[in-house]
Amino acid sequence: KHHTPKLPDLSDVVSLSQAVDIYDSILKEVFDEHAPSKEIHVTENESPWFNAKCKDARRERRKAERHYSKNRDNPEALENYKEKQIDAAIIIDRTRHKYFSDKLSDVKGNAKATYSNDTPQ
């Protein structure tokens, strides 16, 4: 059920500033009802293995994806996007693998450290 904002008596408006304030308050009321604002939180990837190379690969993949989405009839744009997808997947996978391999080799022979929260599940 929609609510219609109560319009003030405009005969009482004495200045442009006051009229703008009334207009703003009515718009705010309408927007609050139909399109309330939402708070969002953007976080970086906090994985300890996710480094600058991973971030760059992901950025390049996204750049190629945007280019392809604007040029869908261009087979070269599609091919470039596919290559960037594969490149990013390889870089991210190898980086993660190396990080955990190094972690495990550092604790070799120490069962408690091997199964701590810092190692892969």
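Predicted model: local features only at pLDDT ≥ 70, side-chain atom pairs only at ≥ 80, totals over all residues.

Reader: ok, helices. How do you describe two packed ones?
Author: By the angle between their axes and the distance between the axes.

Reader: At what angle do H2 and H3 pack, and how far apart are their axes?
Author: Helix H2 covers residues 52-70 and helix H3 residues 75-106; they pack at about 160°, with axes 8 Å apart. H2 is therefore roughly antiparallel to H3. Angles over 145 degrees count as roughly antiparallel, under 35 as roughly parallel, 65 to 115 as roughly perpendicular and the rest as oblique.

Reader: What counts as a helix, and what is an axis here?
Author: Helices are DSSP runs (H or I, at least four residues), numbered from the N terminus. An axis is a line fitted to C-alpha atoms, for helices over the stretch in contact, and angles run from 0 to 180 degrees between N-to-C directions.

Reader: Which residues of H2 and H3 meet?
Author: On the H2 side they include Cys54, Ala57, Arg61 and Tyr68, and on the H3 side they include Leu78, Tyr81, Ile91 and Thr95. Contact means heavy atoms within 4.5 Å. By class, the contact of H2 with H3 has ten nonpolar, four polar and six charged residues.

Reader: You listed Thr95. Buried or exposed?
Author: Thr95, in helix H3, is buried, because its relative accessible area is 16%. Buried means under 20%, exposed over 50%, and partly exposed in between (1.4 Å probe, protein chains only).

Reader: What does Thr95 touch, leaving out residues up to four places away in sequence?
Author: Thr95 touches Trp49, Asn51 and Cys54.

Reader: New topic. How many aromatic pairs are there?
Author: The structure holds three. Rings of Phe, Tyr and Trp (its six-membered ring) pair if their centres lie within 6.5 Å; planes under 30 degrees apart count as stacked, over 60 as edge-to-face and the rest as tilted. One of the pairs is Trp49 with Phe50, edge-to-face at 5.7 Å centre to centre and 65° between the planes. Trp49 is buried at 12%, and Phe50 is buried at 15%. Tyr99 and Phe100 form another edge-to-face pair, at 5.0 Å centre to centre with 80° between the planes.

Reader: And how accessible are Tyr99 and Phe100?
Author: Tyr99 is partly exposed, at 23%, while Phe100 is buried, at 18%. Phe100 lies in helix H3, and its C-alpha atom is 9.9 Å from that of Pro48, 52 residues away along the chain.

Reader: Last one. Where is Lys6?
Author: Lys6 is in the segment before helix H1 (16-34). Lys6 is exposed, with a relative accessible area of 73%. The C-alpha atoms of Lys6 and Ser101 are separated by 66 Å, and the two residues are 95 apart along the chain.

Methods
Residues numbered from 1 in each chain as written. Heavy atoms only, no water. Helix = DSSP H or I, 4+ residues; strand = E, 2+ residues; numbered from the N terminus. Nonpolar A, V, L, I, M, F, W, Y, C, P; charged D, E, K, R; others polar.
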